[in-house]
Amino acid sequence: AKDISLLREVTARAFRRSRLGPASPLRCRRRAPSRRSAYMLERVQTAVVGGGVVGLAVARALSRSGREVLLLESESLTGSGTSSRNSEVVHAGIYYTAGSLKARACVEGRRALYSFCEAYAVPYSRCGKLLVATEEGELAQLDAVAEKARANGLSGSGEALVRLTSAEAARLEPEVRCVGALHSPSTGIVDSHALMTALLADAERHGATLALGSSVVGGECGGSDAVAGCGAGGRVLLRTADGTQLACDEVVNCAGHGAPRLAAALGGMPRSHVPAAHFAKGTYFALSGRPSPFRGLVYPLPQQAGLGVHATVDLAGRCRFGPDVEWTSNAEDVQVDPTRAAAFYAEVRKYWPDLPDGGLVPDYAGVRPKVSGRGEPSADFVLSGPSEHGVAGLVHLFGIESPGLTASLALARLCVESLDRESVR
């Protein structure tokens, strides 16, 4: 606990400095691997590719199951992509189609995440969320959202959504203008960099090894000649950018934006099970010159590709608005365009008319890894294991956008189950 506390303090400072520049929430304690001679072959039981919050959760779950785990991260630190450029919201699970992986993993993951935060001293707040209708024509949408929440298992005083009149909503959030609202008591916020620190520490405590600066560029699977002929056993052969080859019994692809690209670069992986990658950039603006005017989170009704320009507050009381949706072909485009502020003023003033001119300043941007494109219905999470694609020892996670952080522990459990099911056949 002392180790986690010290590391959290150091990484929190690094994270806050990074918000106006390159994201850097976690300065890892483990050294990057030394340069190896080309074509060096190493034997690995289980490799996890991608050191974001989901990859860290998967590495932890696999190491706790007794496996020898190698976590491969292409950057010089973990959690520097989508995991550090989001709203840090713990979602309740109210928007997603009943029975979908998003719905199931979000609800299970939220409960597991709050328990994890308690057990590992990760800062969080179950601050609640107000989902608002700003026009009479939106009230029916509130009812539809409430029905989805019920179908997803949100019930009881700590989880069930509460329908509010405009006057009742004003008592909860005096600054908010709406004609009706839903209150979600189980929605919260979490210190995402402290969460990732704790996940990494527990994974390492159970024997996992982190290799930074280890970019996986391709490989072979499915009984191909390259796997059979490598002479080291293993069912999946990975190749890194420096020429190292890893003969693995199991591989979990948690590469985020790069997950479809990595899957396509594995010889023997059926292309029909590799979705196209799409990227939706989301920009955030911070409220300048005053603390948050809201007690909790305030959301408009969801849009097709996102949840709307919502108001969140971090654990330091700082308010920010976002993200919007901007389709892009560049997953690395995280520069904030200040001209997008005009649209933010219009959206925010629908529920907070008192937002002053000049009150918004550019904060940061992130890119959602999606498997559905512009104009298409939002796709479900994809967990594709041996039962789905037929390749032994290989699990892919595709399209893990929001609520990926909330769902991370549940997705990790499902990855372990997918590999375990195969091992007992």
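This is a predicted model: local features need pLDDT of at least 70, side-chain atom pairs count only at pLDDT 80 or more; totals for chains, interfaces and linings use all residues.
Arg 110 touches Val 90, His 91, Ala 92, Ala 105, Leu 154, Glu 159, Ser 186 and Thr 406, leaving aside residues up to four places away in sequence. Arg 110 is found in helix 3 and is buried, with a relative accessible area of 1%. The C-alpha atoms of Arg 110 and Ala 407 are separated by 6.6 Å, although the two residues are 297 residues apart along the chain.

## Rings in helix 3 and beyond

In one of them, Phe 116 and Tyr 120 are stacked, with 4.4 Å centre to centre and 20° between the planes. Why are these two separated by about one helical turn? Phe 116 and Tyr 120 are four residues apart in helix 3 (residues 101-120). As a rule, an α-helix has 3.6 residues a turn, so residues three or four places apart point the same way. Phe 116 is buried at a relative accessible area of 5%. Tyr 120 has a relative accessible area of 19% and is also buried, because the cut-off is under 20%.

Phe 294 counts as buried at 7% relative accessibility, and Trp 352 counts as buried at 0%. Ring pairs also bring in Phe 321, giving a cluster of Phe 294, Phe 321 and Trp 352.

The table gives two examples.

| Charged residue | Ring it sits over | Distance of charged end from ring centre |
|---|---|---|
| Arg 126 | Tyr 114 | 3.9 Å |
| Lys 129 | Tyr 299 | 4.0 Å |

## Strand 5, an enclosed strand

Lys 129 leads us to strand 5. Is strand 5 (residues 129-133) enclosed or open? Five of its five residues are buried, so strand 5 is largely enclosed by the rest of the structure. Both of its faces are covered: Lys 129, Leu 131 and Ala 133 are buried on one side, and Leu 130 and Val 132 are buried on the other.

Strand 5 has pairing partners that you can trace in the structure. Strand 7 (residues 180-184) runs antiparallel to strand 5 and is joined to it by five bridges, with Leu 130 opposite His 183. Strand 15 pairs with strand 5 in the parallel sense over three bridges. There, Leu 131 stands opposite Tyr 299, and Tyr 299 is the residue whose ring lies under the charged end of Lys 129.

Helix 4 (residues 139-151) has 13 residues and reaches 19 Å from its first C-alpha to its last, close to the 18 Å expected. Which residues of helix 4 are buried? They are Leu 139, Leu 142, Val 145, Ala 146 and Ala 149. Seen down the axis, these buried residues fall within an arc of 110°, so they line one face of helix 4. Their cover includes strand 5, strand 6 (162-165) and strand 7. Just after helix 4, Gly 153 takes a positive phi of about 95°.

In helix 9, Ala 341, Phe 344, Tyr 345 and Val 348 are buried. They cover an arc of only 100° around the axis, which puts them on the same side of helix 9. Strand 14, strand 17 (319-322) and strand 19 are what the buried residues of helix 9 pack against.

Finally, have a look at an open sheet of three strands, with the order 3-8-4 and antiparallel pairing. Its edge strands are strand 3 (89-90) and strand 4 (124-125), each pairing on one side only. Strand 4 is joined to strand 8 (residues 188-190) over two bridges in the antiparallel sense. Tyr 124 has Val 190 of strand 8 as its bridge partner.

Notes
Residues are numbered from 1 along each chain as its sequence is written. Side-chain values use heavy atoms; hydrogens and water are left out. Rings of Phe, Tyr and Trp (its six-membered ring) pair if their centres lie within 6.5 Å; planes under 30 degrees apart count as stacked, over 60 as edge-to-face and the rest as tilted. Buried means under 20% relative accessible area, exposed over 50%, partly exposed in between (1.4 Å probe, protein chains only). A charge sits over a ring if NZ of Lys or CZ of Arg is within 6 Å of the ring centre and within 35 degrees of the ring normal. Two strands pair if DSSP finds at least two bridges between them. The expected span of a helix is 1.5 Å times one less than its number of residues. The arc is that of the directions from the helix axis to the C-beta atoms. Contact means heavy atoms within 4.5 Å.
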